[in-house]
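The sequence and structure come first.

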Amino acid sequence: EMLEFCKKILEKVSFDRHLFKKELMKSIKWVKTEELEVLRRWCLIKFGNLYSQLIKDSFKKVLSA
């Protein structure tokens, strides 16, 4: 399933801010609309200590639309 695939990729690239942002943007495009909130919450729990603002900004565009 795409959501699980995206989570695995994000975990693998989380050491690098630039890669993480790039893969997060791809993930946001790939997952189903109804899974976006699940992905957002997971990202904030898992990587919020590192990339909290980046995650919030990335999802702001798609979830407010």
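## Basis and conventions

Helices (H or I, at least four residues) and strands (E, at least two) are taken as DSSP runs, numbered from the N terminus. Serine 27 belongs to helix 2 (residues 17–30), and serine 58 to helix 3 (residues 36–63).

The model is predicted: local features need pLDDT of at least 70 and side-chain atom pairs count only at pLDDT 80 or more, while totals for chains, interfaces and linings use all residues. Residues are numbered from 1 along each chain as its sequence is written, and side-chain values use heavy atoms, with hydrogens and water left out.

## Helix 1 against helix 2

Helix 1 and helix 2 pack at about 175°, with axes 9 Å apart. Axes are lines fitted to C-alpha atoms, for helices over the stretch in contact, and angles run from 0 to 180 degrees between N-to-C directions. The two helices are therefore roughly antiparallel (over 145 degrees; under 35 is roughly parallel, 65 to 115 roughly perpendicular, the rest oblique).

Contact means heavy atoms within 4.5 Å. Helix 1 contributes Met2, Phe5, Cys6, Ile9, Leu10 and Val13, and helix 2 contributes Leu19, Phe20, Glu23, Leu24, Ser27 and Trp30. By class, these residues are 10 nonpolar, 1 polar and 1 charged. Ala, Val, Leu, Ile, Met, Phe, Trp, Tyr, Cys and Pro count as nonpolar, Asp, Glu, Lys and Arg as charged, and the others, Gly among them, as polar.

## Helix 1 against helix 3

The axes of helix 1 (residues 2–13) and helix 3 come within 11 Å and cross at roughly 25°, which makes this pair roughly parallel. Leu3, Lys7, Leu10 and Glu11 of helix 1 meet Val38, Leu39, Trp42, Cys43, Lys46 and Phe47 of helix 3. This contact has 7 nonpolar, no polar and 3 charged residues.

## Nonpolar core

A nonpolar core is a set of buried Ala, Val, Leu, Ile, Met, Phe, Trp, Tyr and Cys residues joined through side-chain atoms within 4.5 Å; buried means under 20% relative accessible area, exposed over 50%, partly exposed in between (1.4 Å probe, protein chains only). The largest core has 17 residues, of which Leu10, Phe20, Leu24, Leu39, Cys43, Ile55 and Phe59 touch the most other members. Helix 3 gives the most, with 9 residues.

## Buried serines

Serine 27 counts as buried because its relative accessibility is 2%. Apart from neighbours within four places in sequence, serine 27 contacts Cys6, Leu10 and Leu39.

Serine 58, at 3%, is also buried. Not counting residues up to four places away, serine 58 touches Leu24, Met25 and Ile28.
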